[in-house]
Amino acid sequence: MATRQTQFLARSLLTPAVGLLFIWMIVPLALTIYFSTLHYSLLDPGSEAFVGLENFRYFLTDPAFLASLENTLVLVGSVLALTIVLGIPLALLLDQPVVGRNFVRLMVIAPFFVMPTVSALVWKNLLMHPVSGLFAWLAKLVGLTPVDWFNDVPLFSVILIVAWQWLPFATLILLTALQSLDEEQKEAAEMDGASAISTFIYITLPHLARPITVVILIETIFLLTVFAEIFVTTGGGPGLQTTNIAFLIYSQALIQFDVGSASAGGLVAVVIANIVAFFLVRIVGRNLEA
Amino acid sequence: MARKSTTQRVVVSTIGAWFFGFLIFFPILWMVLASFKTELEAFAIPPSFLFFHWTTENYATVQERSDYLHHAMNSIIIAGGSTLIALLIAVPAAWSMAFSPTKRTKDILLWMLSTKMMPPVGVLVPIYLIYKTFGLLDSRIGLIFILCLGNLPIVIWMLFTYFKEIPRDILEAARMDGATIGRELIYVLTPMAIPGLASTMLLNLILAWNEAFWTLNLSTSAAAPLTVFIASYSSPEGLFWAKLSAASTLAIAPILVLGWFSQKQLVRGLTFGAVK
Amino acid sequence: ETTLTIATVNNGDMIRMQGLTSEFTKANPDISVKWVTLEENVLRQRVTTDIATKGGQFDVLTIGTYEVPIWAKKGWLVPLANLGADYDVADLLPKIRDAVSVDGKLYAAPFYGESSMVMYRTDLFDKAGLKMPEKPTWDFVIDAAKKLTDKNGGVYGICLRGKAGWGENMAFLSAMANSYGARWFDEKWEPQFNTPEWKTTLTTYVNLMKDAGPPGASSNGFNENLALFNAGKCAMWIDATVAASFVTNPKDSKVADKVGFALAPNTGLGKNANWLWAWSLAIPAGSKKADAAEKFIAWATSKDYTKLVASKEGWANVPPGTRTSLYANPEYLKAAPFAKMTLASIDAADPNKPTVKPVPYVGVQYAAIPEFQGIGTQVGQQFSAALAGSMTVDAALAAAQSATEREMKRAGYIK
Amino acid sequence: MGQITLQGVQKSFGPVHIIKGADLDIADGSFVVFVGPSGCGKTTLLRLIAGLEDVTGGSILIDGKNVVDTPPAKRGLSMVFQSYALYPHMSVRGNIGFGLKMAGLPKDEINRKVEAAAATLNLTPYLDRKPRELSGGQRQRVAIGRAIVREPKGFLFDEPLSNLDAALRVQMRIEVTRLQKQLGTTAIYVTHDQVEAMTMADKIVVLNAGKIEQYGSPLELYERPANLFVAGFIGSPKMNFVTGNSAAQQGAATIGVRPEHLKIERDGGGGWQGTIAVAEHLGSDTFLYVDAGPLGMLTARYIGELSLHAGDRVSLVPDPARIHRFDASGNAIRN
Amino acid sequence: MGQITLQGVQKSFGPVHIIKGADLDIADGSFVVFVGPSGCGKTTLLRLIAGLEDVTGGSILIDGKNVVDTPPAKRGLSMVFQSYALYPHMSVRGNIGFGLKMAGLPKDEINRKVEAAAATLNLTPYLDRKPRELSGGQRQRVAIGRAIVREPKGFLFDEPLSNLDAALRVQMRIEVTRLQKQLGTTAIYVTHDQVEAMTMADKIVVLNAGKIEQYGSPLELYERPANLFVAGFIGSPKMNFVTGNSAAQQGAATIGVRPEHLKIERDGGGGWQGTIAVAEHLGSDTFLYVDAGPLGMLTARYIGELSLHAGDRVSLVPDPARIHRFDASGNAIRN
Ligand SMILES: Nc1ncnc2c1ncn2[C@@H]1O[C@H](COP(=O)(O)OP(=O)(O)OP(=O)(O)O)[C@@H](O)[C@H]1O
Ligand SMILES: Nc1ncnc2c1ncn2[C@@H]1O[C@H](COP(=O)(O)OP(=O)(O)OP(=O)(O)O)[C@@H](O)[C@H]1O
Ligand SMILES: [Mg+2]
Ligand SMILES: [Mg+2]
């Protein structure tokens, strides 16, 4: 427990971060709110006019909005599930005595090193292409019809690529967290007759609860704004199948350079992100305390 | 203190780890291989794995076309600088929230994260105007600043979790030993949190390294990092996979080296034996 | 000393120019040049933000025919009046010159120009006993595509763009629609996707791709199709004329010596499925280095530059599609078997009168209004869904129609 | 330097009151031992004095100055944590020397002092090991070393010898006392060991459930416990308490007799009769647990080996001069 | 069930030999106490038996079966860790009940057992707290609870009572012994407390620097220590050793007399003369540390209060029947 002095000190050490982030949030936010009420096309500067909530109405009544909302949630949810479900065993595996451990770890983290556009291009053209991709070749090799990834399962394909990129993030955070698990606790569990699986469920997993929470929340923030992967692979199509909120804002607003609706879209995205975060915190947030 | 692991177990986990590691790494390996092929070979079906005509022609082209070192240096300065500054601000902040929590700590944490919820496209114009006004366009400082702020919530969050796992007693012992808070952070907390710090640093460095929205939009040439370099290799007219692969390989090389070294900081069981 | 910052797209010809800059700086020792080479979409976003906010980061911009009229009308571009005595503006191809001029004033200097055409495999045509006419009709193309398709052998009759995007599938589909007598908007800016012409176009396209196209077509763009064609997977490919130099380059193409060229198909209504595009260099208004910039532009788009490239890299690699004189040059015609067809294709497109019926806009495969990019992307998504089979043609057209109406209403073109 | 005063110190964790108003005056240079049942608040009180916790009420004075708002580092105290709290990433040398390093001493002086402390603590061979490579007792000694190597105004020891063997414990006990006297440092020492408490303390504080039950010299506590709790807590084995008739005869609600003040006679004598339930033979002592029927279990201690066994009948005669009398509310009755 | 045999067990950490060949035979249902100086290898030996460390050499048999390759969970032992090793995210209830849950017991039975154990350990009010909200002694009791609530083949206790107060310690000592006898479970118990060792053990193992010095019943060790080390280690205060003339007279290199076997006489009597250096008054006992000139420091113990003080001269007369004789190599000489 802290004392008043440390608490005071703690507050003052927290201040720079809070202050900076506050400015970083409030200034663009204020400008964005302001712009969101304007008719403001970047291609037609000087024609700014106050239009009230028109930009919001326009953005929200877009028939693509609901579809993209759904896609966004599916994308975020699936990638989260995949990275956590695969990240935990992977982290555990990498925590084992493994010959050449440093090298294996590096291989596992590597996907995170590659810029999203590049990995999307590599996956799309060198691996997943139904005619000239490696997967198609492998499928034909074993006598299967190659999957037409971006045509038949476009959203899943995007999820796959994004999950591949974010798996290292989850793995590395969980792996690091495993380092602080006291060996003696595991020994105590073993003495208590716990099998490896029980030890995992009752000792390791609770220990990982907080890092998992962090992975979920941080990834969510990034996944809500996945854009490059979609733009490069499917351009949001076919139809609206891979259009998410971020892509929608981009295509409706930035390709069109309509600052007004970009701002409105941005604010809508903030609200959505907050709603998502709110529910996530309801689910996993108690791990943050104490 | 743990038991020596049986050879069998080592063998099993080694095989498993290498298998999955290779699986995950394969797309990148494939990309690296492509960077040594000709454009035509990069696309050949059936694909050639190792027995193709190895060529460094793509690298030569890339080097000839763009000043890799200039971009790499910018990337190192921008990503490194923003990560370091973020750490400097975040370590005290995370310490404060982990060891001196209040009722509002959770709210502050969530609020910090919420500052990252604003999609960059939504604020591009305001930021561009601000940067223009302050003459920060195409400056390293400007990019360091924006990436630092962008990553700050992430850094704080990650550090917060790692700090939470450190027994408070040990910090108190340092306090009793007459250490000021600053020294407590430097001599006691930081070394104990090395694995956490290393992974936080690595992950945020990569995030900054690969950040492609602000770096592309706020830099022109003087401060242009590797994202700009890469953007000049993706999807031009004509075949480009091999060249793009070469450029990407070059772009990830420095961070790969860094990844290798930060690896070693991920050692196990630092707090073991400290408290009972 | 003046330093010019030049924003350019990362296409092969531009990169070649970048490599040759030293020639320019040698001749103009008081000018140095910094390049910002970016991928097309990034470039567009980057340059637009900068010019609209008067950021002043660039002295020379690389922009397309889409932007030139829009930006020129806004007064964002400096008219190019001092390109020099020996520049010979009259030598520019008239269609291209029109596309980069507003009210008779040149606002950008075309660096290279392109249209679309049919590239086909002469060996496969011979084998099937088919002969490609100079000006094929869609009926012939469709028929040939079906005949040439050998899915088991991995050869597809025709490869066409399918990836959503105003510069991707919509570029092709707009041009194709033009040849079927369709148009984007009527004279009153009413969207026209509810017309039979569009329905025929899209139905034909979807059916053709279903029968004779490669799998994954709905995410294939220019690059994917180029790769397929070069790998020998396509019997025909209708796309940009610049592709001709790639598919005939033995370094990149397996089929370099087996490619023939033809005009983009038509339906006999007077319009071919030819589009028109030119990457051009322009100077943003307010640039303090306009003089130096204009000097550079004059150099980069001059006849001498063409000769320079020819002397260093061979005639086949000179920037095509901008000057009449090039197409009269026998050396070029010899080195570039596709030259004649390129010229014919460019001539066949008319941005000022792109469609059978009259339209209020300029631009062949786009409408040169600021709202088009967003609209084009949305419509492109619907059409790629139709191609992918996840939506019927009727539904896609209806969705496109309502989306376009919505945007046009918001932008104030229609009530 | 080193006079510590507590005035009405209180501490709660949320709704739970742990320390319920402690008043205490510790003279400069004296050695005070805190004893009390597990969980009574000893550690908490120590942490309050150290400044690691804020008081909920009351004030703490060091040398007359109220320090409730002074951070721990500035109070000039050093502490041995019950949980050791070693620095896991530092060697034994680094752990012991950390405080000196913080005080800005030159390197060689630090080394000299650390090595001297390590020699005192039998830690010399382990100077370059990390805590995780030490045994429990060795870790505890490092924690002690960390506290004694500095020259603070006061030592706070939280059960510093609990993991040491008897021989080492005696040695450490003597070392700590010697050092404390030599430096004239005030010391507060928490222990569960009766022998430690009795031999080291100038004064003992008996804590119970967050309250100070008695504060006095060891013999005072042994001979004149203020109440039933102190009487039962000080001394091992525990004092026997008898109520009812025997007590009433003495004009008390309860009387207490220590096991060592019960004379053991073979059955038939006077005193309290009973059957031996358990006989513990320590060699030097014999403890008899005698079932004395209505009086309950009585413990008696005999010096040396006594060949009595479970089941034997004995009679226990209390030394009349050593009988403690308590009133109904448990307070001692003084004549 | 529960017979444990060690055959030439060795353990090294890298180049350091910690256990240097231990042979031991622990009968089913017996209570064996390990004692030895801090760092001698008690915890290590316990961990070897538990299976938490691999032996470097030798074998460990449980009920005649070599278990060196059996994982800890399968050896059917339960353990109290010296460092507690509680599960930080589980409540006290969860901690104690974890083993039962793993054994697949139904919920209400677990609850019943946990509550019974908690009652024994005075932990009932804390059942729903997390370990970090407990005092040191409470944590230790949780660790004990975790071990005893199951019914294993054997208990391994590593200094389980070190953080408890005297009263509780006596109570726990009795509880643990009762439980062990009742279940007939073999128990190995590490302690530094002489009283615990002497009272609880069926047999005591004296360890020194990784070697077993003696294995025998408590009284055997007290009365017939095999060598100087055991003689000095068992008994508190420590046995007095005298060399030189007095020893030679007895035909030994060294003779030893326990403090309680020295009769204290006012100066002038026979025996060894000396000056009191320190007099410790415990109430029940008085310890005299006597400077006996050429013989060195001698410790004497008097039962009860003795009003002698530092500086007084006394004479110490050894009980002739209680003199231990050792040869030059330190081994006991038996007549
Ligand atoms: N991981 C290790 N590496 C090196 N030496 C170690 C390691 N663990 C323990 N030791 C050493 O082994 C010896 C025996 O340790 P052990 O913990 O068994 O002692 P112990 O008898 O339990 O002592 P204590 O009574 O102090 O708990 C000690 O000297 C210790 O320093
Ligand atoms: N963080 C906390 N929250 C709630 N209760 C607490 C907390 N810390 C300690 N306590 C309670 O306060 C009481 C006093 O604890 P303290 O550690 O001072 O006891 P102690 O006298 O040192 O005991 P021991 O001899 O067992 O170490 C205990 O009952 C404990 O359960
Ligand atoms: Mg305590
Ligand atoms: Mg031990």
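Colleague: What is the relative accessible area of E:Thr43, and what does that value tell a reader?

Modeller: Please note that this is a predicted model. A residue counts as buried under 20% relative accessible area and as exposed over 50%. E:Thr43 has a value of 22%, so this residue is partly exposed. E:Gln82 is buried, because its relative accessible area is 11%.

Colleague: Which ion is coordinated by E:Thr43 and E:Gln82, and through which atoms?

Modeller: To read a metal site, one lists the atoms that hold the ion. Here the magnesium ion, ligand 4, is coordinated by OG1 of E:Thr43 and OE1 of E:Gln82, at 1.8 to 2.2 Å. These two residues are 39 residues apart and link distant parts of the chain. E:Thr43 belongs to helix H1 (residues 42-50) of chain E, whereas E:Gln82 sits in the loop between strand S6 (77-80) and helix H3 (92-102) of that chain.

Colleague: How is D:Thr43 classed, and is D:Gln82 buried or exposed?

Modeller: D:Thr43 counts as partly exposed because its relative accessibility is 23%. D:Gln82, at 10%, counts as buried.

Colleague: Where does ligand 2 lie, and which residues come nearest to it?

Modeller: One begins with the chains and then turns to the residues. Ligand 2 lies between chains D and E. There are 20 residues around ligand 2, and those that come nearest are D:Thr43, D:Thr44, E:Arg129, E:Ser135 and E:Gly137. By kind, the shell divides into 5 nonpolar, 11 polar and 4 charged residues.

Colleague: At what distances are the oxygen atoms of ligand 2 from polar atoms of D:Gly41, E:Arg129 and E:Gln138?

Modeller: An oxygen atom of ligand 2 is 2.9 Å from a polar backbone atom of D:Gly41. A side-chain N or O atom of E:Arg129 is 2.6 Å from an oxygen atom of the ligand. For a side-chain N or O atom of E:Gln138, the distance to an oxygen atom of ligand 2 is 2.7 Å. Taken alone, ligand 2 exposes 640 Å², and the protein buries 90% of that. The elements giving two or more residues to its shell are H1 of chain D and helix H5 (136-148) of chain E.

Methods:
Residues numbered from 1 in each chain as written. Chains lettered and ligands numbered in written order. Predicted model: local features only at pLDDT ≥ 70, side-chain atom pairs only at ≥ 80, totals over all residues. Heavy atoms only, no water. Buried < 20%, exposed > 50% of the residue type's maximum accessible area, 1.4 Å probe, protein only. Near = heavy atom within 4 Å. Polar contact = N/O pair within 3.5 Å; in protein donor to acceptor, adjacent residues only side chain to side chain. Areas by Shrake-Rupley, 256 points an atom, 1.4 Å probe, with all protein chains shown as cover. Helix = DSSP H or I, 4+ residues; strand = E, 2+ residues; numbered from the N terminus. Nonpolar A, V, L, I, M, F, W, Y, C, P; charged D, E, K, R; others polar. Donors = N, O, S within 2.8 Å, 3.2 Å for Na, K, Ca; no water.
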